[in-house]
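Please keep the 3D view open as you read.

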Amino acid sequence: MTRTLNALQARLRTEVAVLLPAGLAIAVVIAWAATGGGYESQPALSGYAPDPWYLGALGLVGLTCATAVGVGRVRLSRRATIACGALTAYVAWSFLSVLWAHDQGTAFLGSDRALVYLAAFVTFAILPWSNWSARGALALFVGGIGAVAIVTAIRVAALGDPSGLYLSERLAYPLGYYNADAALFMTGAVTAVALSAQRSGTAALRVGGLLVAAVCLQLAVLSQSRGWLFTVPIVLALTLLLVPGRLRLLAFALIPAAATAAIAPALLRIYGRASPGGTPLTQPRLSHVLHQQGGHAVHAMLIADIALSIVAALAVALDRRVMLSRSAHRRTNRIAAGLALALALAGIAAGLIAVHGDPIGRAERAWHSFADAGETTGGSSSHFTTLASNRADIWRVALHEFTRHPLLGIGQDNFATSYTRLRHTQEEPRWAHSIELRLLVHTGLIGALLFALFMLAALLGALRGRRAGAERVTGGILLLPLVVWLVHGSIDWFWEYPVLSVPALAFLGAATALRQRPVSAAPSAGGRRRGVAVVWWAGAALLGAGALVALAIPFIAARRVQKAIAVWPAQPALAYSQLRSASSLMPFDAQIDVVGGAIALNQGENDEARAWLLRAERREAEGWLTPFLLGLIDGEQGRRRQGRVELLRARRLNPREAAIAEALERIGGTHPLTFVEAQILLTPHIATPPA
């Protein structure tokens with residue numbers, strides 16, 4: 001009895017030791033979900049907003065170091081070891097790409113993001129997961145996403161003016177990008193359904209999971225993400241293939257899906273009501289329509305979810321009483337596996353029919369709609385009714401840059417200037433809108449192959465032996481955030497959202513580590529073994545310290561840039577001092593100098609502005625904004641010929657920018673374009689806080 005009690009206590013301590021770091025990492029993800037997803041948008045002169053991203057990133061890297069010390073040495077599988085090594089090599093290659101990137105500051109910051117993803121994977125891969133602790137971590141994740149979803153629904157219903165939650169009449173809260181919101185809620189929904197379909201869960205949690213799944217799906221519909229619509233069948237099919245008990249899983253998935261389908265017309269009506277006849281509405285009218293119709297949509301959600309809770313409770317009660325024989329269970333799983341493939345194909349076909357009628361007769365027009373750049377709202381009742389997008393042009397430029405730099409790539413996160421130079425649209429995206437293409441264009445074949453090796457080794461490690469029983473189920477559920485991230489992220493820019501990337505890679509690490517145990521220290525170990533251990537821990541400590549420094553330096557620099565932007569109207573000298581200090585920390589980041597130039601221009605100090613901008617130009621020669629601003633200064637100071645040269649260079653780097661064309665047209669006249677006028681034309685490129 002005493003031995004059994006001691007064993008239970010030891011197991012409990014182990015489970016708590018696993019869930020503590022995992023829970024802290026999940027808390028960072030949920031905090032990101034509530035504060036923009038950890039995505040750090042950095043328009044050139046609008047300043048940095050570093051706190052949510054950097055604080056979470058520093059926390060995750062510090063957590064990795066603490067977990068490694070707390071867990072001690074672990075005996076990773078060969079595949080998990082290869083995965084860790086390949087992802088580490090990819091991150092090192094990413095930092096190395098700073099050397100040949102034209103925008104070295106951006107490349108360094110992008111490499112920091114990859115470093116955090118490595119930390120997330122390693123943290124979960126070295127923990128001794130059991131079936132219980134893994135499902136506990138998944139439940140914490142689903143509960144956090146569910147809380148964010150419920151708060152979002154309440155805000156849509158309760159705000160007097162909910163238009164701030166929408167972008168182009170599509171729900172873009174809490175991440176600020178409707179496609180990312182749809183992916184976040186889809187990740188929560190599919191994981192919640194998979195957990196709720198397991199008999200081992202308590203009845204209340206299973207019903208709660210289905211309710212969370214329904215709310216998440218309904219919010220995903222409000223986002224009207226076409227990428228989400230067409231990837232849902234693929235995600236569901238892969239879920240059925242990865243998670244055993246497929247027939248039960250499919251049955252439970254139909255409950256939140258039916259609740260969402262029942263109120264889909266009310267959810268979709270917002271878009272059509274906000275843009276009647278394709279005529280853009282004024283902001284007050286838009287706010288009125290969104291509030292009125294959004295309230296009706298939320299009422300429909302409330303009624304549907306109450307009904308769902310009753311149906312879910314009955315389904316859970318019935319599931320506990322119906323037991324299939326082992327042979328019947330195998331047959332139903334095989335049938336469900338066939339249904340999964342059929343569902344993926346039928347779902348895609350049904351989506352095409354719903355969107356475009358006859359898919360055969362309209363295939364050519366659908367392709368032209370997709371290839372035509374730009375978003376069209378045209379008064380349709382739903383954003384799902386068009387495929388118009390600028391992705392074809394984005395992918396064209398990405399492939400063009402890959403063919404020019406196939407081996408090394410153009411440098412991490414350096415796609416924006418390439419697209420601005422080569423675009424056929426008026427859009428200015430920063431990202432390649434595809435995980436696969438971003439790997440190829442940013443870090444070349446070498447980086448893409450390193451990441452592919454990581455993914456292959458990790459997946460093989462997660463699926464090794466296709467464990468039987470509960471562990472096989474848990475291993476499949478752990479892969480579901482990765483499924484959503486990879487499938488939907490193949491046609492969108494989800495790598496840049498840590499709130500999506502971190503759980504995908506972290507739970508992949510956990511899937512490789514099920515039933516993993518720490519290596520106990522041998523008391524009789526000789527001096528050689530102790531020496532190896534010392535070298536091991538010294539190397540790990542050095543790498544951890546380097547990772548923290550790599551994140552802390554840009555964080556401190558960003559805080560100083562923030563302070564400079566906050567104080568420049570009253571204390572320009574202090575602002576310049578803060579920027580010089582930030583530049584000393586990040587000497588290759590041209591954006592800091594551009595901020596200094598913008599502040600000087602706002603102060604009317606053209607010579608000071610020229611000095612800042614010339615430093616920026618030396619550090620980043622491919623950006624169009626710096627020569628444009630220098631051309632404006634030259635024009636205002638009477639150096640028309642030199643100003644024209646700068647403006648022509650800006651036009652070469654950004655040939656479709658109307659402000660550059662206007663500046664060139666006016667530089668030969670009596671009233672050249674001024675910086676004040678340029679700020680109005682180019683917001684948010686050169687927007688600075690008002691005095």
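## Cysteines and helices

The model contains 0 disulfides, a disulfide being a pair of cysteine sulfur atoms within 2.5 Å. This is a predicted model, in which local features need pLDDT of at least 70 and side-chain atom pairs count only at pLDDT 80 or more, while totals for chains, interfaces and linings use all residues. Residues are numbered from 1 along each chain as its sequence is written, and side-chain values use heavy atoms, leaving out hydrogens and water.

Buried means under 20% relative accessible area, exposed over 50%, and partly exposed in between (1.4 Å probe, protein chains only).

| Residue | Relative accessible area | Class |
|---|---|---|
| C84 | 12% | buried |
| C216 | 1% | buried |

Now turn to the helices, which are DSSP runs (H or I, at least four residues) numbered from the N terminus. The axes of α14 (residues 391-404) and α15 (residues 415-422) come within 10 Å and cross at roughly 110 degrees; axes are lines fitted to C-alpha atoms over the stretch in contact, with angles from 0 to 180 degrees between N-to-C directions. The two helices are therefore roughly perpendicular, a term for angles of 65 to 115 degrees. In contact (heavy atoms within 4.5 Å), α14 residues including D393, R396 and H400 meet α15 residues including F415 and Y419.

Which helix is largely enclosed by the rest of the structure? It is α17 (residues 470-478), because 7 of its 9 residues are buried. Among them are V473, I477 and L478, and the cover over the buried residues of α17 includes α5 (131-158) and α19 (498-512).

Key:
Angles under 35 degrees count as roughly parallel, over 145 as roughly antiparallel, 65 to 115 as roughly perpendicular and the rest as oblique.
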